[in-house]
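User: Please walk me through this structure feature by feature, giving the general idea before each case.

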Amino acid sequence: MQSTQRWTAIAEFVRTHREQAGCTVDTLASAIHRDPDYVKRIERGEEFIPIRIWEMLGSVLGFDPADGIRLAAESIPPLTPESRARLVAAVETFIERQRVFLRGKREARGLTFGDVAMVVRITPAEAEAIENGSEILFTRDRPELSERLCAVLAFTFDEWMEAVSPPRG
């Protein structure tokens, strides 16, 4: 199924709410801090909408973002065994890359989990869980944790992204 066909219901949902709100494409684009072409691609069913954009669209157009997110989720086809295997492999690779990166940074500084935990103000078990990949390092709900961990282990978000991202090319 083409992505345009999959996202048709989403496109209609956004366009209908925009029109009901008496909002032009240009006005909506400005309100969500995007280019008008981005809104046009959404309304043609050609653009995936991240959660933060759903939140902005809902705020500007007066709908519950959860309704749009639910509609988007219903538009995603079920995983095939092959796509599930690729997804699992990608997540496992991400976790392993994060583990190697964080362990390297911690060991290069001569720190234990306890040392990191004390400075970052988490338990040693949480520090170990982050390094081992059972906790996500960068989350919207705990930005201060990520900032402190970056400072303690002397790395930037961009360095982390480079380390955990798949090779390009």
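User: Where does His33 lie?

Analyst: Helices and strands here are DSSP runs, numbered from the N terminus (H or I of at least four residues for helices, E of at least two for strands). His33 lies in the loop between H3 and H4. This is a predicted model: local features need pLDDT of at least 70, side-chain atom pairs count only at pLDDT 80 or more, and totals for chains, interfaces and linings use all residues. Residues are numbered from 1 along each chain as its sequence is written, and side-chain values use heavy atoms, with hydrogens and water left out.

User: Does the burial scale have cut-offs, and is His33 exposed or buried?

Analyst: Buried means under 20% relative accessible area, exposed means over 50%, and partly exposed is in between (1.4 Å probe, protein chains only). His33 has a relative accessibility of 61%, so it counts as exposed. His33 also has a positive phi of about 60°, although it is not a glycine.

User: Which other residue has a positive phi although it is not a glycine?

Analyst: Ala154 is one, with a phi of about 55°. Ala154 is in the loop between H10 and H11, just after H10. With a relative accessible area of 45%, Ala154 is partly exposed. Gly133, which follows H9, has a positive phi near 90°.

User: How many helices and strands does the chain have?

Analyst: The chain has 11 helices and 0 strands. The C-alpha atoms fill a box of roughly 60 × 35 × 30 Å along the principal axes. Buried residues make up 32% of the 169 residues.

User: What does Trp54 touch?

Analyst: Contact means heavy atoms within 4.5 Å. Trp54, found in helix H5, is buried at a relative accessible area of 2%. Not counting residues up to four places away in sequence, Trp54 touches Ile10, Phe13, Val14, Ile49, Phe63, Pro65, Gly68, Ile69 and Ala72. Under the same exclusion, Ile10 touches Ile49, Trp54, Leu71, Ala72 and Ser75.

User: How do the axes of H7 and H9 cross?

Analyst: Two packed helices are described by the angle between their axes and the distance between the axes. Axes are lines fitted to C-alpha atoms, for helices over the stretch in contact, and angles run from 0 to 180 degrees between N-to-C directions. Angles under 35 degrees count as roughly parallel, over 145 as roughly antiparallel, 65 to 115 as roughly perpendicular and the rest as oblique. The axes of H7 and H9 come within 7 Å and cross at roughly 125°, so the two helices are oblique to each other.

User: Which residues in H7 and H9 meet?

Analyst: From H7, Ile95, Gln98, Arg99, Leu102, Arg103 and Arg106 meet Ile130, Glu131 and Asn132 in H9. By class, this contact has 3 nonpolar, 2 polar and 4 charged residues. Ala, Val, Leu, Ile, Met, Phe, Trp, Tyr, Cys and Pro count as nonpolar, Asp, Glu, Lys and Arg as charged, and the others, Gly among them, as polar.

User: Which residues are buried in helix H9?

Analyst: Ala127, Ala129, Ile130 and Glu131 are buried in H9, which spans residues 124-132. They pack against H7 (81-108), H8 (113-120) and H10 (143-153). In H10 the buried residues are Leu145, Ser146, Arg148, Leu149, Cys150, Val152 and Leu153, and their cover includes H7, H8, H9 and H11 (157-164).
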